[in-house]
Amino acid sequence: METILSVNHLTKKFGHLTAVKNLSFSIEKGNVYGILGPNGSGKSTTLGIVLNVVNKTAGSFDWFNGSVSTHDALKRVGAIIERPNFYPYMTAVQNLKLVCKIKNVGTEKIEEKLELVGLLDRKNSKFRTYSLGMKQRLAIASALLNDPEILILDEPTNGLDPQGIHQIRVIIKEIAAQGTTILLASHLLDEVEKVCSHVVILRKGEKLYAGPVDGMLGSHGYFELKSKDLKTLVEHLKQDSHFRSIKEENGLITAFLSEDLDAEELNRELIKNGITLSHLVKRKESLEEQFLTLTKTSPELINAN
């Protein structure tokens with residue numbers, strides 16, 4: 001698979017503060033990547049470095065397997081790393097025509113991009129009349145005017161209401177479905193879980209994980225179980241090497257797997273040992289549960305709206 005971006009041992013220091021520390025990861029064509037971490041974890045700094053707006057302290061990065069210079073590579077990149085900044089008394093079309101002139105690209109795709117972000121019916125409205133969500137969608141349209149191979153978004157839903165957040169997420173999925181690779185920075189677990197195929201998790205500038213969202217901990221999921229004989233059930237599960245931890249709350253047993261085990265096999269084993277279940281459900285651990293395990297961070301510090 002084609003590598004669009006390789007980041008190798010990247011470090012950025014601001015005086016005594018190390019914002020990014022020895023960071024390495026790669027972005028492969030055709031996926032949606034999330035850089036996930038709380039505010040101050042180095043997400044925006046990392047994006048700034050690869051977009052040539054922040055100077056690195058050490059390490060390196062290469063666009064498109066190093067086949068082109070960073071200057072030429074960035075012509076194939078679309079990015080929004082700051083609040084949308086358009087002329088308030090100009091219409092959407094007028095603003096995008098100006099962007100085309102700056103990017104030295106034709107204006108023939110303006111309406112196509114406005115339609116993609118749901119703003120075609122407001123193309124002749126002045127920018128100042130737009131809601132915050134509409135402004136963000138116009139910014140996405142502007143970033144797509146050069147048909148980039150990768151779209152980079154820094155906190156794309158920040159400050160939006162629930163409807164605006166939903167609209168942006170739908171648009172991101174549509175753009176990805178058309179074959180554009182996407183890299184977005186977010187502090188929202190929910191956002192990454194809903195739109196991303198891959199994730200890079202940062203804490204205080206250091207990488208905790210990079211890889212597929214559904215393989216973050218090599219998670220095998222967990223069982224929710226109920227039985228009239230809870231004590232015997234718990235004792236049996238604690239002796240079973242398939243499970244890494246057992247939790248009991250209000251008569252419900254949650255048994256986290258350390259290796260693969262299907263529900264039918266578990267049920268058969270329990271019956272063989274004289275344990276009858278009244279409830280048996282196998283679930284997959286959410287990204288939030290995996291994130292908490294990985295970072296050992298208190299739940300109240302995680303923003304998963």
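**Pocket lining and helix contacts**

Visitor: How do the residues of the largest pocket's lining divide by class?
Guide: The lining has 16 nonpolar, 7 polar and 4 charged residues. Ala, Val, Leu, Ile, Met, Phe, Trp, Tyr, Cys and Pro count as nonpolar, Asp, Glu, Lys and Arg as charged, and the others, Gly among them, as polar. The model is predicted: local features need pLDDT of at least 70 and side-chain atom pairs 80 or more, while totals for chains, interfaces and linings use all residues. Residues are numbered from 1 along each chain, and side-chain values use heavy atoms, without hydrogens and water.

Visitor: What volume does the largest pocket have?
Guide: Its volume is about 910 Å³, the space filled by probe spheres set on the grid points. Among the 27 lining residues, Ala79, Val99, Ile102, Lys103 and Ser142 are the closest to the pocket centre. (A pocket is an open set of points on a 1 Å grid where a 1.4 Å probe fits, with protein on both sides within 12 Å along at least five of seven lines; lining residues have an atom within 4 Å of a point.)

Visitor: Which element gives the most to that lining?
Guide: Helix α3 does, with 5 residues. β5 (77-80), α3 (92-103) and α5 (132-143) each supply at least two.

Visitor: Where do α3 and α5 meet?
Guide: Ala92, Leu96, Val99 and Lys103 in α3 meet Leu138, Ala141, Ser142 and Ala143 in α5, with contact taken as heavy atoms within 4.5 Å. By class, this contact has 6 nonpolar, 1 polar and 1 charged residues. The two axes come within 10 Å and cross at roughly 35°.

Visitor: Changing topic, at what angle do α5 and α6 cross?
Guide: The axes of α5 and α6 (residues 162-177) cross at roughly 15° and come within 10 Å. The two helices are therefore roughly parallel to each other, a term for angles under 35 degrees.

Visitor: Which residues of α5 and α6 meet?
Guide: Gly133, Gln136, Arg137 and Ile140 in α5 meet Gln167, Ile168, Ile171 and Ile175 in α6. This contact has 4 nonpolar, 3 polar and 1 charged residues.

Terms used:
Helix = DSSP H or I, 4+ residues; strand = E, 2+ residues; numbered from the N terminus. Axes fitted to C-alpha atoms, helices over the stretch in contact; angles between N-to-C directions. Parallel < 35°, antiparallel > 145°, perpendicular 65-115°, else oblique.
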